[in-house]
Each structure stands twice: as C-alpha cells, then as structure tokens.
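Hello,

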Amino acid sequence: SETPGSNPNGTFEYLIADNYDPSKEIPEGCVTRVIPAFTWAVFPCRGAMPDALQTTNKAIFSEWLPNCREYEIAAGINIEMYSDPRDFLKGLQDEKYYCESWIPVKKKE
C-alpha cells in the first residue's frame, strides 16, 4: 500500500487543502485525501515568505532530522499551515507572518 503523497517515479502530489465537510458536495476538479494518523513534529516559522519557510525547511532536513536521536520520518508527506496574509500589515512579506511545517515522525527502532 502506498503512503499518500509518495510516488514510485519520484514525483509528488501537491495539494492545497481545507477542512472536508461531508455534508457538502465536492467541487468539480477537487479531490479528497485521508491523511493517516501520525505523530507530528511541528516547526513554527515566522517571517517574509517564501524565504522564511525555505529556511525553516532547510534546517529541518539538514539539521534537525539528521541529529534527532529519537525520531525519524514516518511517511513521505508533510503539511504546511499558512496564516491568513490579510492578518498582517505587509501580508506574506510581513516580518511577523506566521506559518508551520508539519513532519510525520515515528520513534526510531
């Protein structure tokens, strides 16, 4: 069985998501995906986009994961949560703009 987001040919599925409401019809061209339950390592990110998120993701994969003694990646997916840019004076370019990167992890064996 394949993990959502993974693909044997090296490509990946990129989706923009919202909460699913089963009482509403799914708009044409949209799909639903079930994200399996995981333990998530959540990394806060603050600053102008896209540099702030790129810097955070680089640190996660080049520093945190290689040095983490307790956890490893559990699946080939991750979630990025973005704040509403309208809540910040300079929108996505605001130095206080907030987002998060969620990485599924599991205890190392």
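To start, which side chain meets that of aspartate 84 in a salt bridge? The partner is arginine 86, with an N to O distance of 2.6 Å. By salt bridge I mean a side-chain nitrogen of Lys or Arg within 4 Å of a carboxyl oxygen of Asp or Glu. Arginine 86 is exposed, at 73% relative accessible area, while aspartate 84 is partly exposed, at 27%. Here buried stands for under 20% relative accessible area, exposed for over 50%, and partly exposed for what lies in between (1.4 Å probe, protein chains only).

Some background on reading the model: it is predicted, so local features need pLDDT of at least 70 and side-chain atom pairs count only at pLDDT 80 or more, whereas totals for chains, interfaces and linings use all residues. Residues are numbered from 1 along each chain as its sequence is written, and side-chain values use heavy atoms, leaving out hydrogens and water.

Searching the whole structure gives four salt bridges. Another of them pairs lysine 107 with glutamate 70, whose closest N and O atoms are 2.3 Å apart. Lysine 107 belongs to strand β4 (residues 98-107) and glutamate 70 to the loop between α1 (51-67) and β2 (71-73), so this pair ties together parts 37 residues apart in sequence. Helices (H or I, at least four residues) and strands (E, at least two) are DSSP runs, numbered from the N terminus. Both partners are partly exposed: lysine 107 at 48% relative accessibility and glutamate 70 at 41%.

Glutamate 95 and lysine 90 also form a salt bridge, at 3.6 Å from N to O. Lysine 90 counts as exposed, with 51% relative accessibility.

Best wishes
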